[in-house]
Amino acid sequence: MTIRTILTYPNPLLRQKAKQVGTFDKELEQLIDDMAETMYDAPGIGLAATQIGDSRQLIVVDISKEKRDKDFMPLVNPRIVSSEGQQIDEEGCLSVPELTSNVKRFKKITVAYQDITGEAAEITAEERFAVVLQHEIDHLHGILFIDHLSPLKRQLYKKKVKKMLAGEERPSG
Ligand SMILES: [Zn+2]
């Protein structure tokens, strides 16, 4: 397993739309293992292939009951097939350093996906787990959580990033 580099905003690769996975082989398993390793190292609770510069429709999400368990679930070609309700919860992103913000999401979603062998499956998620899935699936469409914020908040963040990149402000994390 290899820890991969997580791309950060404004890297243009984060805006790529991921392609459907058609091949379920050892290489895909390897990529999933690397993504899980990278996610737990960060640490994070979800990671999309887009975030490590791979343009496949693939996400991994943490499903551990205890933090030390490191149980994760890979979802290949995931898409939201039904949704209901609304919730607002605080989000952050490994690809968007130094920012957390409230984002409005569906409260409950059903996601169709394929497992590591290509078998079709469905999962229904609510509350926080539904937020994580929506956030990660967004990545596969080139969408970041800052795209859900008000234009003003987004502008402020862009300015902050510019300053950080110019070295005027050192990131604290
Ligand atoms: Zn993210």
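Contact here means heavy atoms within 4.5 Å of each other. The structure shown in these views is a predicted model.

View 1. Five strands, in the order β1-β2-β3-β6-β7, make up an open sheet with antiparallel pairing. At its edges stand β1 (46–48) and β7 (120–126), each of which pairs on one side only. From one strand to the next, the twist averages 40°. Within the sheet, strand β3 (residues 72–84) and strand β6 (residues 108–114) are joined in the antiparallel sense over 6 bridges. E84 has K108 of β6 opposite to it. In general, the strands of a sheet pair through backbone hydrogen bonds, in either a parallel or an antiparallel manner.

**View 2. Two helices lying across the sheet.** Helix α1 (residues 26–41) lies across β1, β2 (58–62) and β3, and its direction is at about 45° to β2. Helix α2 (residues 127–140) lies across β1, β2, β3, β6 and β7, running at about 155° to β2.

**View 3. The zinc site.** The zinc ion is coordinated by the SG atom of C93 and the NE2 atoms of H135 and H139, at 2.0 to 2.2 Å. Along the chain, these donors follow the spacing C-x41-H-x3-H. Distant parts of the chain are linked in this way: C93 belongs to strand β4 (residues 87–93) and H139 to helix α2, 46 residues apart. C93 has a relative accessible area of 12% and is therefore buried. H139 is buried as well, with a relative accessible area of 1%.

**View 4. The surroundings of H135.** H135 is located in helix α2. This histidine is buried, its relative accessible area being 7%. When residues up to four places away in sequence are not counted, H135 touches E91, G92, C93, R105 and F145.

View 5. Is D138 buried or exposed? With a relative accessible area of 13%, D138 is buried, because the limit for a buried residue is under 20%. Its neighbours within four places in sequence left aside, D138 is in contact with R105, I143 and H148.

**View 6. The aromatic pair.** The ring centres of Y9 and Y157 are 5.8 Å apart and the ring planes are at 45°, so the pair is tilted. This pair links distant parts of the chain, with Y9 in the segment before α1 and Y157 in helix α3 (residues 151–166), 148 residues apart. Both tyrosines, Y9 and Y157, are buried.

**View 7. The nonpolar cores.** The largest nonpolar core has 16 residues, and those with the most contacts inside it are I59, V61, L75, V111, I123 and L133. Two or more residues of this core are given by each of the elements β2, β3, β6, β7 and α2. Which element provides the largest share of this core? That element is α2, with 5 residues. Another core, of 13 residues, lies apart from it and has M39, Y40, V60 and V76 among its members. In soluble globular proteins, nonpolar side chains tend to be buried together.

**View 8. The contacts of V111.** Residues up to four places away in sequence are not counted in this view. V111 touches L75, P78, R79, I80, V81, A121, E122, I123, L133 and I137. Among these partners, L75, I123 and L133 are also listed, like V111, with the most contacts inside the largest nonpolar core.

Note on methods: Residues are numbered from 1 along each chain as its sequence is written. This is a predicted model: local features need pLDDT of at least 70, side-chain atom pairs count only at pLDDT 80 or more; totals for chains, interfaces and linings use all residues. Side-chain values use heavy atoms; hydrogens and water are left out. Two strands pair if DSSP finds at least two bridges between them. Helices (H or I, at least four residues) and strands (E, at least two) are DSSP runs, numbered from the N terminus. Axes are lines fitted to C-alpha atoms, for helices over the stretch in contact, and angles run from 0 to 180 degrees between N-to-C directions. Donors are N, O and S atoms within 2.8 Å of the metal (3.2 Å for Na, K and Ca); water is not among the atoms, so sites may look incomplete. Buried means under 20% relative accessible area, exposed over 50%, partly exposed in between (1.4 Å probe, protein chains only). Rings of Phe, Tyr and Trp (its six-membered ring) pair if their centres lie within 6.5 Å; planes under 30 degrees apart count as stacked, over 60 as edge-to-face and the rest as tilted. A nonpolar core is a set of buried Ala, Val, Leu, Ile, Met, Phe, Trp, Tyr and Cys residues joined through side-chain atoms within 4.5 Å.
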